[in-house]
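Here is a friendly briefing on the structure below. Please keep the model open as you read through the topics.

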Amino acid sequence: MANFLDYDVYDLELTAVKDNTELKKLFTETTNKSIIVVENIDCSLDLSGKRKKEEKPKDEEEEEEKQKKLPPGVKKEERNSKVTLSGLLNFIDGLWSACGGERLIIFTTNHVEKLDPALIRRGRMDKHIELSYCTFEGFKVFAKNYLDLESHPLF
C-alpha cells in the first residue's frame, strides 16, 4: 500500500508509549501521507475498556500467586504504558486526528474478540480484512511484484 500510494510508514509500538500525551505528540509528528501501523493491538495494551465485570482472569490470579512467593520488596514487572482506550479512540477519530490529513491507521490482531466493541465499530475501523495463509497463486503475485520473477525452479 505504501509503495502504491507513495506514503511513509510508521510502526507504532503502544507498549513503548508512556501515556496519552506522548501518543498525541507522536501522532501529530507523523507526516501527511502516512500509514501508521499498530501490530497485535490485542497484545499491546488492555484495550478491553472497563465495561467487563471485574472478575480476575486466570492469568492474573496466577500472577498474584507468583507475586506472593517473591521475596519482600521484589515486584513483578509492570507495564509502563498508561495509554488508555479513551486516549486511543481520541486519536483514531477525535479532535486530535483532525490536525493532519491523508493518514491511514492499520491495526493487526489475532483475536478481534478480545478488543472493545467501541474500538472496532463501523465508522471507526472502516475495513476489516481477514488474511489467511498465503496461497501458491498469492505467492506468485508477490514474487512478480517484488522480485520481478515470473517463474523459478523453486516455485
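Exposure is used throughout in this sense: a residue is buried under 20% relative accessible area, exposed over 50%, and partly exposed in between, with a 1.4 Å probe and protein chains only. This is a predicted model, in which local features need pLDDT of at least 70 and side-chain atom pairs count only at pLDDT 80 or more, while totals for chains, interfaces and linings use all residues. Residues are numbered from 1 along each chain as its sequence is written, and side-chain values use heavy atoms, with hydrogens and water left out.

**Salt bridges**

- A salt bridge here is a side-chain nitrogen of Lys or Arg within 4 Å of a carboxyl oxygen of Asp or Glu, and the count comes to four.
- Lys-144, Asp-148 and Glu-150 are linked in a network of salt bridges.
- Glu-150 is exposed, with a relative accessible area of 61%, whereas Lys-144 is partly exposed at 33%.
- Glu-29 forms another salt bridge, with Lys-25, where the closest N and O atoms are 3.6 Å apart.
- Both Glu-29 and Lys-25 belong to helix α2 (residues 20-29) and sit four residues apart, about one turn of the helix; helices are DSSP runs (H or I, at least four residues) and strands are DSSP runs (E, at least two), numbered from the N terminus.
- Lys-25 counts as exposed, at 51% relative accessibility.

**The sheet**

- Three strands form an open sheet in the order β1-β2-β3, with parallel pairing; two strands pair if DSSP finds at least two bridges between them.
- At the edges stand β1 (8-11) and β3 (103-107), each with a single partner strand, so one side of each has no neighbour in the sheet.
- From one strand to the next the twist averages 20°, with axes taken as lines fitted to C-alpha atoms (for helices over the stretch in contact) and angles running from 0 to 180 degrees between N-to-C directions.
- Strand β2 (residues 34-38) and β3 run parallel and are joined by five bridges.
- Val-38 has Phe-107 in β3 as its bridge partner.

**The second largest pocket**

- A pocket is an open set of points on a 1 Å grid over the protein atoms alone, where a 1.4 Å probe fits, with protein on both sides within 12 Å along at least five of seven lines; lining residues have an atom within 4 Å of a point.
- About 1100 Å³ of space lies in the second largest pocket, a volume being the space filled by probe spheres set on the points, which are joined across faces, edges and corners.
- Of its 33 lining residues, the closest to the centre are Ile-105, Ile-106, Phe-107, Lys-127 and His-128.
- β3 gives the most to this lining, with five residues.
- The lining divides into 15 nonpolar, ten polar and eight charged residues, where Ala, Val, Leu, Ile, Met, Phe, Trp, Tyr, Cys and Pro are nonpolar, Asp, Glu, Lys and Arg are charged, and the others, Gly among them, are polar.

**Positive phi values**

- Most residues other than glycine have a negative phi.
- Asp-6 has a positive phi, near 60°, and is placed in the loop between α1 (2-5) and β1.
- Asp-6 is exposed, with a relative accessible area of 60%.
- Asp-148 also has a positive phi, near 55°, and is found in the segment after α7 (136-147).
- Asp-148 counts as exposed, at 56% relative accessibility.
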